[in-house]
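Work through the exercises below with the model open. Try each task before you read its solution.

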Amino acid sequence: MTQIQDLFDAAKAARENAYAPYSQFKVGAALRTEDGLIFAGCNVENAAFPEGVCAEAGAISAMVLGGGSRISEVVVIADAALCTPCGGCRQKLKEFEGQGMTIHVADLNEIKQSFTMDGLLPAGFQLEEKD
């Protein structure tokens with residue numbers, strides 16, 4: 001199994017558990033930390049739209065709970081030609097961006113396109129390190 005295949009499979013499995021009764025648009029995401037651990041998430045909608053949770057945010061929350069801090073690679077999957085992370089999730093991903101992080105977007109069959117963080121969010125906010 002290739003390195004990207006395990007992320008693709010984890011994102012696809014997460015998507016199956018998405019709670020999307022309003023939009024019917026299920027999304028799954030899986031990320032790999034710099035130390036090789038995989039965390040996944042799915043979108044969870046809410047009747048008080050837009051108070052739901054994106055798949056990427058769910059995966060990031062699982063990573064933080066699991067002690068992770070830096071992301072090396074992400075797969076986002078949906079039954080769509082191209083489903084990139086929303087603006088809020090782009091910033092969330094940037095917060096935990098590891099060296100050379102790649103974001104892959106996929107339909108249900110394959111990776112359709114890959115992006116760098118700067119390609120998706122060229123002027124995102126960053127925490128300023130204090131000396």
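**Exercise 1.** Is Asp-6 buried, partly exposed or exposed? Then find its salt-bridge partner.

*Solution.* The model is predicted. Start with the cut-offs: buried means under 20% relative accessible area, and exposed means over 50%. Asp-6 has a relative accessible area of 22%, so Asp-6 is partly exposed. Next, the partner. The side chain of Asp-6 meets that of Arg-32 in a salt bridge, 2.8 Å from N to O. This pair links distant parts of the chain: Asp-6 sits in helix H1, Arg-32 in strand E1, 26 residues apart. Arg-32 has a relative accessible area of 7%, so Arg-32 is buried.

**Exercise 2.** Which parts of the chain does the salt bridge between Lys-94 and Asp-118 tie together?

*Solution.* Check the distance. The two side chains meet at 3.8 Å, N to O. A salt bridge needs the atoms within 4 Å. Now place the residues. Lys-94 lies in helix H3 and Asp-118 in helix H4, so the pair ties together parts 24 residues apart in sequence. Lys-94 is buried at 9% relative accessibility. Asp-118, at 48%, is partly exposed.

Definitions and conventions. Residues are numbered from 1 along each chain as its sequence is written. This is a predicted model: local features need pLDDT of at least 70, side-chain atom pairs count only at pLDDT 80 or more; totals for chains, interfaces and linings use all residues. Side-chain values use heavy atoms; hydrogens and water are left out. Helices (H or I, at least four residues) and strands (E, at least two) are DSSP runs, numbered from the N terminus. Buried means under 20% relative accessible area, exposed over 50%, partly exposed in between (1.4 Å probe, protein chains only).
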